[in-house]
Structures are given as structure tokens and as C-alpha cells.
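Welcome to my notebook. I opened this model and looked up a few places, one entry at a time.

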Amino acid sequence: MKLGDPTLDQLRIFLAVVEEGSFGGAARRMGRAISAISYGIAQLEDQLAVTLFAREGSRKPVLTEAGEGLLAEARSVSDGVDALLAKTRSLHAGLESSVSLVLDVMVPSDVTARVLRDFRAMFPTVALRLQIEGLGAVAACLLDEEADLAIGGPVIGDHPALERQVVGGVELVPVAAPNHPLAQPGIQSGESRKHLQLVLADRSSLTEGREFSVLSPQTWRLGDLGAKQALLKEGLGWGNMPRHMIAEDVANGRLVELDLPEKPGDTYPLSALWRRDEPPGPATSWLINALGQQLTE
């Protein structure tokens with residue numbers, strides 16, 4: 001048996017009859033005559049070689065078993081076309097079809113979650129791709145054209161290919177386990193250099209060989225802040241951590257803030273970065289503003 005090709009209009013008529021519960025309701029919803037609705041259903045049934053509604057003995061059309069089985073597929077096709085048209089309208093209006101975002105690992109996860117939740121509600125047709133990187137790797141994603149927007153720290157300075165807009169900052173504090181030698185009172189200058197420092201590793205060639213807030217010649221380099229936090233709590237070293245990440249550990253006594261003469265803790269400024277040849281569109285600009293509001297609250 002050779003089946004025909006149903007049209008989108010026929011599928012929409014089918015869905016309207018199901019959702020309105022009658023041919024008359026579908027006709028009113030679509031602004032057509034009842035005869036046009038009946039003809040559309042008859043044509044669809046001919047194309048698919050099935051009966052979609054049992055009409056005998058009832059004024060209300062009832063889905064047959066075949067109609068029930070095809071309903072979900074018809075909805076999927078209709079929804080897919082609606083999404084295609086919505087995205088096309090957005091493109092004509094200047095809205096991006098997609099945004100690739102890379103965030104510095106220092107950005108608080110609760111800020112990320114709130115902003116991306118609101119982004120999906122505000123821009124349902126814009127596909128979002130998210131990456132989390134550290135230090136110079138954030139800007140590298142932009143320069144390698146793997147991202148459209150980055151929220152990153154000050155590690156590469158003012159690169160000539162990038163535009164920068166400050167959006168906030170994260171407080172870094174030196175911490176260690178309570179039993180660590182540096183957690184004791186009366187630490188003298190230079191004492192921190194005698195102990196292992198846990199440092200966030202930089203995977204980027206942009207900043208290869210550079211050091212950021214590293215005091216000790218003894219270092220373990222870790223690519224993940226969560227792993228660094230776990231090792232700190234085990235007393236394996238000391239290091240700077242974002243305050244928001246270690247606040248609960250400090251409150252519960254699992255970590256202590258260090259009072260070091262060198263005062264290695266500082267504010268880690270965060271900036272929105274984008275390539276100068278690719279200025280932000282409406283959705284990207286919304287992300288910059290929303291992240292800035294959240295990071296400064």
C-alpha cells in the first residue's frame with residue numbers, strides 16, 4: 001500500500017478537531033466552514049489510509065485506535081514546525097538563533113542557575129551552549145571562536161581582539177584545615193612559602209607559565225575547584241578559594257580563614273568578554289545584564 005504525503009494544514013485540522021471536540025469547534029477556531037474541516041479530515045484519512053474518527057452513532061467525533069496512535073506524532077510535527085517558524089521570525093528580528101556561553105569556574109553556581117533559568121523562559125527559541133573553564137581558558141574559547149560570550153577574570157589583561165565590560169567580582173580568601181600549621185596564630189612573613197599551596201591549573205596557552213596569587217614554590221595544580229576544596233579539608237595544603245564556596249565549611253569548622261602577612265586573598269573581578277568583530281545580539285546582551293545584576297547583588 002502506498003501512502004500519500006499529508007499536509008501540515010491537514011494535521012492542524014486533525015489536532016483542532018481533537019482539541020475542540022467537534023468539527024464545528026475546529027471550524028470556529030480556524031475560521032473555516034465545517035465542510036472545509038470535514039474535507040480536510042477526509043483527505044488526511046485518504047493520505048494515511050486509516051480512519052481517524054469513529055463518527056457512527058455519535059454527533060461527537062471519537063478517535064479510533066489508529067487516530068489515538070497517530071495523535072502524538074501529529075502534535076510533534078506541528079510543534080516542530082511552530083518552533084521552526086518562531087526561530088525564523090527571531091532571525092528576521094535580529095535575535096540570535098543560538099548563544100555559546102563560557103563561564104569562569106569562579107562564577108557562583110547559584111547565580112548561573114538563576115540566570116540560565118530566566119534565559120530559557122525569556123528566549124525559548126535561542127539554543128544555549130554552556131562551558132565552564134578556568135583562568136585563561138575562558139578567553140581562549142572566545143579567541144578560538146568556540147564561544148560568543150564569556151564571563152571571565154583578569155588573567156589576560158586587555159586583549160586587542162576582545163571587548164570587556166566589568167560585571168562584578170568574587171571574593172577570594174586563603175583557607176586551610178584547622179590542624180594545618182598556617183591555621184595557627186602568629187604566622188610570620190614568608191611562612192606560607194614553606195607549605196604546599198593548592199592552585200587552580202590554567203589549561204590555556206594564552207597564559208602558559210604565568211602565576212596567579214601563587215606564593216609557595218611547592219604547588220599542586222588542580223583543574224577543578226571542587227577537588228581543591230576536598231584536598232584543603234583533608235589538610236593537604238592551603239589555597240585561595242571563593243568565599244561563597246567555603247562559607248559553610250568555615251561555619252562548620254572544616255576550614256579556617258588564614259591570617260597571612262602577605263594577604264593573598266583578594267577580589268577576583270569578573271568581566272563580560274566578546275570578540276570585537278561579533279558584537280552582542282539581543283539575547284547575548286540580556287545575559288550580560290542579567291549576570292551583572294546577579295553578581296553585584
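**Entry 1: Glu191**

I began with Glu191, which I found in the loop between strand E6 (162-176) and strand E7 (197-200). Before going on, I noted that this is a predicted model, where local features need pLDDT of at least 70, side-chain atom pairs count only at pLDDT 80 or more, and totals for chains, interfaces and linings use all residues. I also noted that residues are numbered from 1 along each chain as its sequence is written, and that side-chain values use heavy atoms, with hydrogens and water left out. Helices (H or I, at least four residues) and strands (E, at least two) are DSSP runs, numbered from the N terminus.

My scale here is buried for under 20% relative accessible area, exposed for over 50%, and partly exposed in between (1.4 Å probe, protein chains only).

Next I looked up what Glu191 touches, leaving out residues up to four places away in sequence: Leu182 and Glu262. Contact means heavy atoms within 4.5 Å. I also checked Glu191 against Pro261: they are 70 residues apart in sequence, and their C-alpha atoms are 9.0 Å apart in space.

Glu191 has a salt bridge as well, with the side chain of Lys194, at 3.5 Å from N to O. The term stands for a side-chain nitrogen of Lys or Arg within 4 Å of a carboxyl oxygen of Asp or Glu. Lys194 itself is exposed, with a relative accessible area of 56%.

How many salt bridges does the structure hold? I read off 14. I picked Asp9 and Arg32 from the list, whose closest N and O atoms are 2.6 Å apart. Asp9 lies in helix H1 (residues 8-20) and Arg32 in the loop between helix H2 (23-30) and helix H3 (34-48), so this pair ties together parts that are 23 residues apart in sequence. Asp9 is partly exposed at 33% relative accessibility, and Arg32 is partly exposed too, with a relative accessible area of 35%.

Then I turned to Glu19 and Arg29, a salt bridge with its closest N and O atoms 2.7 Å apart. Glu19 sits in helix H1 and Arg29 in helix H2, ten residues apart, and the pair links distant parts of the chain. I have Glu19 down as partly exposed at 40%, and Arg29 as partly exposed with a relative accessible area of 45%.

**Entry 2: Met241**

My next stop was Met241, in strand E9 (residues 239-242). Met241 is buried, at 0% relative accessibility. I noted its contacts, not counting residues up to four places away in sequence; among them are Glu171, Leu172, Val173, Leu225, Leu232 and Ile246. Met241 and Leu255 are 14 residues apart in sequence and 11 Å apart in space, C-alpha to C-alpha.

**Entry 3: Thr64**

I found Thr64 in the loop between strand E2 (62-63) and helix H4 (65-92). Thr64 is buried, with a relative accessible area of 17%. A polar atom of its side chain lies 3.0 Å from the backbone nitrogen of Gly67. Beyond four places in sequence, Thr64 touches Thr51, Leu52, Phe53 and Ala54.

**Entry 4: two positive phi values**

Which phi value does Ala49 have? I found it near 60 degrees, positive in a residue other than glycine. Ala49 lies in the loop between H3 and strand E1 (53-54), and is partly exposed with a relative accessible area of 41%.

Glu145 also has a phi near 60 degrees. I located Glu145 in the loop between helix H6 (136-143) and strand E5 (149-152), and it counts as exposed at 58% relative accessibility.

**Entry 5: the second largest pocket**

Last, I looked up the second largest pocket, with a volume of about 180 Å³. A pocket is an open set of points on a 1 Å grid over the protein atoms alone, where a 1.4 Å probe fits, with protein on both sides within 12 Å along at least five of seven lines; lining residues have an atom within 4 Å of a point. The volume is the space filled by probe spheres set on the points.

Its lining includes Asp104, Pro108, Ile132, His244 and Met245. Helix H5 (109-122) and helix H8 (243-251) each supply at least two lining residues, and H5 gives the largest share, three residues.

Technical notes:
A polar contact is a pair of N or O atoms within 3.5 Å; within protein, one must be able to donate a hydrogen and the other to accept it, and residues adjacent in sequence count only if both atoms are side-chain atoms.
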